[in-house]
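My notes follow in the order I worked.

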Amino acid sequence: GVPPATDLVLGATAGCLACFFTNPLEVVKTRLQLQGELQAPGTYPRPYRGVFRAVGAVCRADGLRGLQKGLAAGLLYQGLMNGFRFYCYSLAEDAGWTRYPGGTVAAGAVAGAVGAFVGSPAYLVKTHLQAQTVSAMAVGYQHNHENIAGAFKTIYRQHGVVGLWRGVTGAIPRVTVGSAVQLATFASAKDWVCESQWFRKGSWAAVLAGGMVSSVAVAVAMTPFDTISTRLYNQPVDADGTGKLYRGFLDCILQISNKEGLLGLYKGIGAVYLRLGPHVVLSLFFWDKLRDL
């Protein structure tokens, strides 16, 4: 019963509120996914070892403020991506598409693709900023932007508008898969726990239970796409904007699999879940409760 335009605002608000709490784990996840890029396991130094030790490593290198690196870009991304994602999903609900078999999954996938495209420039800048650190702890390519505004200006000046959407070929599959799994499993799980009379329909406990089940499924399905997306966004580029490490989505999959093994696609899965778990629960909880209001 919420108009799609209202869902756009509520979705953006929910995403930003969740991002504020989970951004430190996004920083850790980015560093873990870039560590040992295109190198065989055991042949490179590992300044970041596991989620919790990586948190300490970030703090030692960048101070406590380092855990909130890229926060402004992250908030911008979450606002744009989730706002348009929930807006499109709400349109699908109003049109009755989600009542058909597989409609929820399809609507979530399309909504995710739209949100990923709109928010891609912000995700690009967020990844650059979160990867930056002192040389002794650096992993992946270092773009050395001063701040979010400087990053946008530099990318636009060097590569134009098209450069701001570099890496979007990795972002769309990432959010399409994540959104489809998230929205489908959240709706199903929330209905199931209520039908099983575990929790009362409309209660905060039912919302949280649905979000927790959803976060497990999202982490398993999304981590390979998340790793690919991080690599495509952060790689260095030529003067014409062509990536120096990966030619595109499929090339990135093949190179990671060949040089780092299939498990290389699951780098940082612990951080992905620990970040996605609270983020999915919080964003869906905020969205659901804001809709009720």
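**Salt bridges**

I began with Asp 62 and Arg 31, whose side chains meet in a salt bridge at 3.2 Å, N to O. I counted a salt bridge where a side-chain nitrogen of Lys or Arg is within 4 Å of a carboxyl oxygen of Asp or Glu. Asp 62 lies in helix α2 (residues 51-62) and Arg 31 in helix α1, so this pair ties together parts 31 residues apart in sequence. Helices here are DSSP runs (H or I, at least four residues), numbered from the N terminus. Arg 31 is buried, with a relative accessible area of 0%. My classes are buried under 20% relative accessible area, exposed over 50% and partly exposed in between (1.4 Å probe, protein chains only).

I noted the ground rules. This is a predicted model, where local features need pLDDT of at least 70 and side-chain atom pairs count only at pLDDT 80 or more, while totals for chains, interfaces and linings use all residues. Residues are numbered from 1 along each chain as its sequence is written, and side-chain values use heavy atoms, with hydrogens and water left out.

The count comes to ten salt bridges. I looked up Lys 126 and Glu 26, which pair at 2.8 Å, N to O. Lys 126 is in helix α4 (residues 103-131) and Glu 26 in helix α1, so the bridge ties together parts 100 residues apart in sequence. Both Lys 126 and Glu 26 are buried.

Asp 251 and Arg 247 also form a salt bridge, at 3.4 Å, N to O. Asp 251 is buried at 12% relative accessible area, whereas Arg 247 is exposed at 75%.

**Cavities**

How many cavities of 30 Å³ or more does the whole structure hold? The search finds two. On a 1 Å grid over the protein atoms alone, a cavity is a set of points where a 1.4 Å probe fits but cannot get out; lining residues have an atom within 4 Å of a point.

The largest cavity has about 180 Å³ of space. Of its 16 lining residues, Met 81, Arg 85, Gln 182, Met 222 and Leu 276 are closest to the centre. Helices α3, α6, α7 and α9 each give two or more residues to this lining.

The second largest cavity has about 50 Å³. Its lining includes Glu 26, Lys 126 and Arg 275.

**Largest pocket**

I next checked the largest pocket, with about 480 Å³ of space. A pocket is an open set with protein on both sides within 12 Å along at least five of seven lines. Of its 21 lining residues, the closest to the centre are Glu 93, Lys 190, Asp 191, Asp 288 and Arg 291. Helix α6 gives the most, seven residues.

**Nonpolar patch**

Last, I listed a nonpolar surface patch of about 630 Å², made by Phe 52, Val 216, Val 220, Tyr 266, Ile 269, Tyr 273 and Leu 274. Patch residues have over 30% relative accessible area and no salt bridge, with nonpolar side chains (Val, Leu, Ile, Met, Phe, Trp, Tyr) joined within 5 Å. Helix α9 gives the most, three residues. Ile 269 is in α9 and is partly exposed at 35%.

Methods: Grid points are joined across faces, edges and corners, and a volume is the space filled by probe spheres set on the points. Patches are made of residues with over 30% relative accessible area and no salt bridge: like charges are joined within 9 Å, nonpolar side chains (Val, Leu, Ile, Met, Phe, Trp, Tyr) within 5 Å. Accessible areas come from the Shrake-Rupley method with a 1.4 Å probe; for residues, only the protein chains shown count as cover.
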